[in-house]
Amino acid sequence: MVLDYLVLQLANYVIPATILVILALGLDLQWGKTGLFNAGVAAFFGVGAYTFAMLTTGFFPASGTYPGHWGPSVPFDLVPATLVAMAVAGALGVLVAVPTLRLRADYLAIATLALAEIVRLILKNERRVTGGDTAISLIPRPFDAFVARGWTSDGVLMLVVAAVAVVILVITERLTALPWGRSLKAVREDEEAAQALGKDTFRLKLTSFGIGCAIMGLAGALYASFVGSLVPDSFTSRLTFTAFVVVILGGSGNPRGVILGAYVFSLLGWATQQERGNVASISEVLSLRLDYVNNIVVGILLVLFILYRPEGMIPEKRYVPKKK
Amino acid sequence: MTEAILQVRDIVKTFGGIRAVDRCSLSVQPETVTGLIGPNGAGKSTLFNIVAGLYAADEGEVDFLGQRIDGLPPYRIVHRGIVKTFQIPRELRNMTVLENLMIAAPGVAGDSLVDLVRRPFEIVAGERETVHRAEEVLGIVGLSHLRDEYARNLSGGQKKLLELARALMAGPRLLLLDEPVAGVNPTLAQKILEVIENLRRDGLTIFLIEHDMDVVMRRCGWIIVMHQGRTLVEGVPDDIRRDASVIEAYLGG
């Protein structure tokens, strides 16, 4: 019983924090490594989450107060559903990127910012497709069979999410260690110079952006599984802001920094929840506004970092190969 | 005369109401150091940018080794063998000097993700080879001691050298140098000019823009003078020195 309680408490911190790690690794590939400003992180995360939810729960007819939602008549298994969620988020990224990446850098930011809002409004208003504000629920978790034998569901999900994060970490580290990763950095530093040195910068940006969006879709799928039910308002620009805060505080261009950033950021939020009761005994008013206090603290931290330590907690690693 | 390596025909480029390049034609012979001179605003840098594919010309055509290259994207022109340096160095600031060179290495395995499938076993060896070549080029320009320094920390002159080294790394046939020694101290300028002369001896063609007449007259085998967007006159240094229209263009233009 005590163990179950501890796992539950730990999981409530570790799972969302680790999902945030995965999301931020996707953004770090785009922003930290390639210099692409994706202002629509929430859209790709949300599309991944919804795709996963609709595929794994299957078709739901409208009934009573529930508007129903689309889905396959036979629900997908979790792994194929996750892969499809990644593919859809990645494809959406490419679709937005193709017309905008040829233009000046700011256009990508504008287009993705608009996309995030469009996606949220579609999720909200296409009620018979997405369930609208009534939420898609009963989204399954991995290894439900084991959980029935007495394991806590959160504990299992924690391990699965951690394993996925490790895999994504290894893949992104390996990919960016290739000459390909070096070319991404060149695009980030000076795109015209990179072109003048023989780089097809459009293609580099497109692949980096697409892969980044697919990783965000994966984070969304895990999130859907964790929370079990989705409403469109979970995917506001606040989420995009969070991902940027994590990358900038942690250290853009360094996955270790991004991981640290995600856990520190989540710790602030988690501590806020944990301390709500204690704060309430001192001041009822303050306890109700604790989330705002958290926002203010994060905002101040962000400003301080940008002013005094723009490279983040763990800066990008310098590339030093062995001498001949 | 042998066949020209670079041929520019009737190039026109306008910016707003200004005709920066106005029906300019010129050619560059292989294995020469050819100088492009002219007063400010004559269209020299614009012409270089057109040849390198960074600007699209409004009219005219550019031939390199007998094939049309105008309209190709810049990276394809680099792959054909034309590499341009920037007048103001465009070092990749948050990358090391070595990385700045490695970026320019052509046809490296792993530069595209497709290579993970197509030639996965060449990546590690290729990377070692790239490091090795980059170190050699750093040796040529004398930047070996700054190999692992961030490019942003280099001095102005060192950035000029880095710019040249990076262009060499790309393995060009024709090197377009936009003011390679401007703002560089005399000792370093001497060094850069020696490197250029050695490259020519090794078979490269160098086409350079320079304002220092002393450098141009002593280092270039052939000089082309541009004025108001077109070629005014061309010839060997001695002829150019005596040409009245050149003096007019510089002093009166």
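**Reading a sheet, a contact side and a helix**

Student: Which strands form the open sheet in chain B, and in what order?

Tutor: Six strands do, running β6-β7-β8-β3-β9-β10 in chain B, with mixed pairing. Its edge strands are β6 (82-84) and β10 (230-235) of chain B, each pairing on one side only. A word on the source: this is a predicted model, where local features need pLDDT of at least 70, side-chain atom pairs count only at pLDDT 80 or more, and totals for chains, interfaces and linings use all residues. Residues are numbered from 1 along each chain as its sequence is written, while chains are lettered from A and ligands numbered from 1 in the order in which they are written.

Student: What counts as a strand, and when do two of them pair?

Tutor: Strands (E, at least two residues) and helices (H or I, at least four) are DSSP runs, numbered from the N terminus. Two strands pair if DSSP finds at least two bridges between them. Strands of a sheet pair through backbone hydrogen bonds, either parallel or antiparallel. Here, β3 (residues 33-37) and β8 (residues 205-209) of chain B pair in the parallel sense over 4 bridges, and G35(B) has L208(B) as its bridge partner in β8(B).

Student: How many residues of chain B are in contact with chain A?

Tutor: Contact is when two residues' C-beta atoms, placed from the backbone, lie within 7 Å. By that rule, 31 residues of chain B are in contact with 23 residues of chain A. On the chain B side, α5(B) gives the most, with 5 residues. That side divides into 16 nonpolar, 6 polar and 9 charged residues; Ala, Val, Leu, Ile, Met, Phe, Trp, Tyr, Cys and Pro count as nonpolar, Asp, Glu, Lys and Arg as charged, and the others, Gly among them, as polar.

Student: What span should helix α11 of chain A have?

Tutor: The expected span is 1.5 Å times one less than the number of residues. The 14 residues of α11 (residues 237-250) of chain A should therefore span 20 Å, and its end C-alpha atoms are 20 Å apart, which agrees. After α11(A) comes G251(A), with a positive phi near 135°.
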